[in-house]
Amino acid sequence: MTTTNLHGTETVLLVGHGSREAGANEEIERFADAWRARQPGWRIEVCFIEFAPVMLHAGLRHAAQGAQRVLVLPLILNAAGHVKMDIPQAIDSARLDCPDTRFLYAPHLSACDPILALLKRRLRQAMMSLDMPDPHSTGVVLLGRGASDRQANGDVAKMARWLQEEGDHELVDIAFTGITFPRLERVVQRQSLQMMSQVVVLPYYLFSGTLISRIQRQVEHLRQQYPQIRFALGDYFGAEKEIFELLEQRAQDLRDEAPAALMPCDGCKYREIAITLGHGGHHHGPEAHTHDHNHGHLHDHAHPHPHPHPHPHPHDHAHPHAHPHEHAPA
């Protein structure tokens, strides 16, 4: 879809995760359509990291056509291998092929106040579905995707803590659908032992997918396993005003080239491991090609810290991948 660009020859590229369920990818396309309606002067394009027709490498090159600048905005909640490694490496590759175009890379959505506001609204909606919406007898489980990256998992814990401090629930726990622990079933078991008569499960997820379907099945199984507990399942995040506003702020910060707006290189340890092992990253799509870069940061990353490469990387990998590439089905 071509739109009049009020910011010169610029493309805003929205990068979704991608799902094996076509309907989930279509949700992101509809999200982009709604965003175009909000910002009719922007050229907004969409691509995906995996499991979708328009993959990251093709999407970057398409966005660069006729554009002096591409703003790359990951539509992703937490930063793990995709955000810290796959997207930056794809941008590096696109720069080699499109030397006349500047690629600016924004941070992921992250744990922040707008996401907290969205979680609080989801919790209120779930509580209203219960017969006795008493926060003192209702446990909350914030359910994330799970990653091999402690920062990504820590962001889920951070949001759970903020949610508890902003409300009246005495028990707000975290659980993960894969990769790491604890899992939902174990957390519900603990909450039942703490005499919670109701449990709200809040998926910390953007858009639908196979994992959302799995969560729905898990909660139905838990209803049968714990008939004495009333369960409420919150909805995943979609076309919410907080998400639109966050992305719009990310785009404006990139235009202003505010240092905090550029994706920090907190993923360098993954990329150096990839280079050391001779991998060019885990590129998706037949058009992907690897290239040897000495990590001179062709991507526009802010560097508020001294960065004397090489630096120690105490990160054990039990598998031969270049980074902890969590591949629970989306």
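Predicted model: local features only at pLDDT ≥ 70, side-chain atom pairs only at ≥ 80, totals over all residues.
In which hand does H6 pass H7? H6 passes H7 in a right-handed crossing. The structure holds three cavities of 30 Å³ or more, and about 460 Å³ of space lies in the largest cavity.

**The largest cavity**

- The lining of the largest cavity comprises 30 residues, of which His17, Ile76, Leu77, Arg145 and Tyr205 are the closest to its centre.
- At least two lining residues come from each of helix H1 (22-38), helix H3 (81-97), helix H5 (150-165) and helix H7 (210-225).
- By class, the lining of the largest cavity has 17 nonpolar, 11 polar and two charged residues.

**The second largest pocket**

- The second largest pocket contains about 180 Å³ of space.
- Its lining is formed by Lys120, Leu123, Arg124, Met127, Pro135, Leu163, Glu166, Gly167, Asp168 and His169.
- Helix H4 gives the most to this lining, with four residues.
- Four nonpolar, two polar and four charged residues make up the lining of the second largest pocket.

**Helices H4 and H5**

- Two packed helices are described by the angle between their axes and the distance between the axes.
- For helix H4 (residues 113-128) and H5, the packing angle is about 60° and the axes are 10 Å apart.
- H4 and H5 are therefore oblique to each other.
- The crossing in which H4 passes H5 is right-handed.
- On the H4 side, the contact is made by Asp113, Ile115, Leu116, Leu119, Lys120 and Leu123, while H5 contributes Met159, Trp162 and Leu163.
- The contact of H4 with H5 contains seven nonpolar and two charged residues, and no polar residues.
- Lys120 and Leu123 of H4 and Leu163 of H5 take part in this contact, and Lys120, Leu123 and Leu163 also line the second largest pocket.

**Helices H6 and H7**

- The axes of helix H6 (residues 184-193) and H7 come within 11 Å and cross at roughly 35°.
- Leu184, Glu185 and Val188 are the H6 residues that meet Gln218, Val219 and Leu222 in H7.
- Four nonpolar residues, one polar residue and one charged residue form the contact of H6 with H7.
- H7 also supplies at least two residues of the lining of the largest cavity.

**Helices H1 and H8**

- H1 packs with helix H8 (residues 241-256) at an angle of about 65°, and their axes are 11 Å apart.
- H1 and H8 are therefore roughly perpendicular to each other.
- H1 and H8 make a right-handed crossing.
- The contact brings Phe31, Ala34, Trp35 and Arg38 of H1 together with Ile243, Phe244, Glu245, Leu247 and Glu248 of H8.
- Six nonpolar and three charged residues, with no polar residues, make up the contact of H1 with H8.
- Like H7, H1 supplies at least two residues of the lining of the largest cavity.

**Backbone features**

- Most residues other than glycine have a negative phi, and most peptide bonds are trans.
- The peptide bond from Phe181 to Pro182 is cis, with omega near 5°.
- Pro182 is located in the loop between strand E6 (172-176) and H6.
- Ser110 is not a glycine, yet its phi is positive, at about 70°.
- The loop between strand E4 (102-105) and H4 holds Ser110.

Technical notes
Residues numbered from 1 in each chain as written. Heavy atoms only, no water. 1 Å grid on protein atoms, 1.4 Å probe; cavity = no way out; pocket = protein on both sides within 12 Å on 5 of 7 lines; lining within 4 Å. Points joined across faces, edges and corners; volume = space filled by probe spheres on them. Nonpolar A, V, L, I, M, F, W, Y, C, P; charged D, E, K, R; others polar. Axes fitted to C-alpha atoms, helices over the stretch in contact; angles between N-to-C directions. Parallel < 35°, antiparallel > 145°, perpendicular 65-115°, else oblique. Left-handed = near helix turned anticlockwise from the far one by under 90°. Contact = heavy atoms within 4.5 Å.
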